[in-house]
Amino acid sequence: MQLAVDRHDDVVSAVSARGARHDWTRSQALSLYAAPFNDLLFAAHTVHRRSFDPNRIQMSRLLSIKTGGCAEDCGYCSQSAHHATGLKASKLMAVEAVVGEARKARAAGATRYCMGAAWREPKARDMDQLVAMVEGVKGLGMETCMTLGMLSGEDALRLAEAGLDYYNHNIDTSESHYNAVISTRTFQDRLDTLERVRAAGMKVCCGGILGMGEGKEDRVDMLVTLANLSVHPESVPINLLIPIAGTPLQAAPKLDTIEFVRTIATARIMMPASYVRLSAGRTDMTDEMQAMCFFAGANSIFAGDKLLTADNPEADADTELFARLGLKPLAPEDITREGEAEQGHDG
Ligand code: SF4
């Protein structure tokens, strides 16, 4: 089928292009992002179908293994010790408790288990416990993911050797908007951690948050940074800010839904074989908005009624939405097959 446009060459070439690119310019990405909405969605959905079954959604489950009291000052976060959010800090959970929760998540259909700790970085004394958690969850036959803040090369290697499949570390936003959101670590610190994760042989989960007062150029710049990494992140979580009382971003202006969907579609086109995840903020999205995101190329969600400290849709709401849209959770064997496809695209 021919695209009936001649003024939007970037959309046409995005559909015709095969394989992953790592040389996006801001103007190319912006031109995609700003294309007529129908053209952008058509292009994104066409690209999406080349790598994925459009009716399968990968389901992850996220557990906060250590909550609150974080030394960082991320302006959106309820867990920062810098913000008066009233959140009670807790200690690192026991290994058996984490593995027990993972077992329940597996029984409920999750194939990947993500464990998050509110830290600037893990301390040496915590590493044995973290390694045991990875081994325990891995032993259940699930994919494992952790998000623990910055990582040294040595810690990255230890976690990889324990069987950690993914490490989540978001860049959050564009480099130029970054300082308006976080001051305690730099954009480059984040890129350095991502490099260490890759060097240790783990897959990368990296994305950002929309609705933090950024402009469309910032959303596009964030995608350009992600897509121009030497290997695309295998998972790209796109969060919608949940404004939390007591944080500097509590009164951030609400992002237009169409802008959110444009970002998902542009991410899909620029990182054609990555799982693009609708992450935090789904409680503020209508079913119709989520349906549009799935059409635009989102193919992963967090299941479960809690995301670290924030609310997430109840399991019943997701089951009902999946039934209405004819979507099915991705089975573990499908992940292996599509994971091999990813390697092919990037390698
Ligand atoms: S986002 Fe992570 S690093 Fe930033 S304050 Fe929250 S828990 Fe700490």
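**Close-up 1. The crossing of helix 3 and helix 10.** The axes of helix 3 (residues 37-51) and helix 10 come within 8 Å of each other and cross at roughly 40 degrees, where axes are lines fitted to C-alpha atoms, for helices over the stretch in contact, and angles run from 0 to 180 degrees between N-to-C directions. That angle makes helix 3 oblique to helix 10, because angles under 35 degrees count as roughly parallel, over 145 as roughly antiparallel, 65 to 115 as roughly perpendicular and the rest as oblique. The model is a predicted one, in which local features need pLDDT of at least 70 and side-chain atom pairs count only at pLDDT 80 or more, while totals for chains, interfaces and linings use all residues. Residues are numbered from 1 along each chain as its sequence is written. Helices (H or I, at least four residues) and strands (E, at least two) are DSSP runs, numbered from the N terminus. Helix 3 passes helix 10 in a left-handed crossing, a term used if the near helix is turned anticlockwise from the far one by less than a right angle, with right-handed used if clockwise. On the helix 3 side, Phe 37, Leu 40, Leu 41, Ala 43, Ala 44, Val 47 and His 48 meet Ile 258, Arg 262, Ala 265, Arg 268 and Ile 269 of helix 10; two residues are in contact if their C-beta atoms, placed from the backbone, lie within 7 Å.

**Close-up 2. Strand 8 and its parallel partners.** Strand 7 (residues 235-240) and strand 8 run parallel and are joined by 4 bridges, and two strands are said to pair if DSSP finds at least two bridges between them. The chain crosses from strand 8 through helix 11 (residues 287-296) to strand 9 in a right-handed β-α-β crossover, meaning that, with the strands pointing away from the viewer, the path from the first strand over the helix to the second runs clockwise. Strand 7, helix 10 (residues 257-270) and strand 8 likewise make a right-handed β-α-β unit. In a regular strand the side chains alternate between the two faces of the sheet. In strand 8 (residues 275-278), Tyr 275 and Arg 277 point one way and Val 276 and Leu 278 the other way, and all are buried; a residue is buried if 20 or more other C-beta atoms lie within 10 Å of its own, exposed if 12 or fewer, and partly exposed in between, with C-beta atoms placed from the backbone.

**Close-up 3. Helix 11 and its surroundings.** Gln 290, Met 292, Cys 293, Phe 294 and Ala 296 are the buried residues of helix 11, and they pack against helix 3, helix 10, strand 8, strand 9 and helix 12 (315-325). Just after helix 11 comes Gly 297, which takes a positive phi of about 125 degrees. Phe 294 lies 8.6 Å from Asn 55, C-alpha to C-alpha, although the two are 239 residues apart in sequence. Asn 55 belongs to the loop between helix 3 and strand 1 (56-66), and it is partly exposed because 13 other C-beta atoms lie within 10 Å. Leaving aside neighbours within four places in sequence, Asn 55 is in contact with Gly 326, Leu 327 and Lys 328.

Close-up 4. Strand 2 (residues 112-117) pairs with strand 3 in the parallel sense over 5 bridges, and Cys 114 stands opposite Cys 145. Strand 3 also runs parallel to strand 4 (residues 166-168), to which 2 bridges join it, and there the bridge partner of Cys 145 is Tyr 166. Strand 2, helix 5 (residues 127-138) and strand 3 make a right-handed β-α-β unit, as do strand 3, helix 6 (residues 153-162) and strand 4.

Close-up 5. Asp 172 is placed in the loop between strand 4 and helix 7 (175-178), and it counts as buried because it has 22 C-beta neighbours inside 10 Å. Most residues other than glycine have a negative phi. The phi of Asp 172, however, is positive, near 75 degrees.
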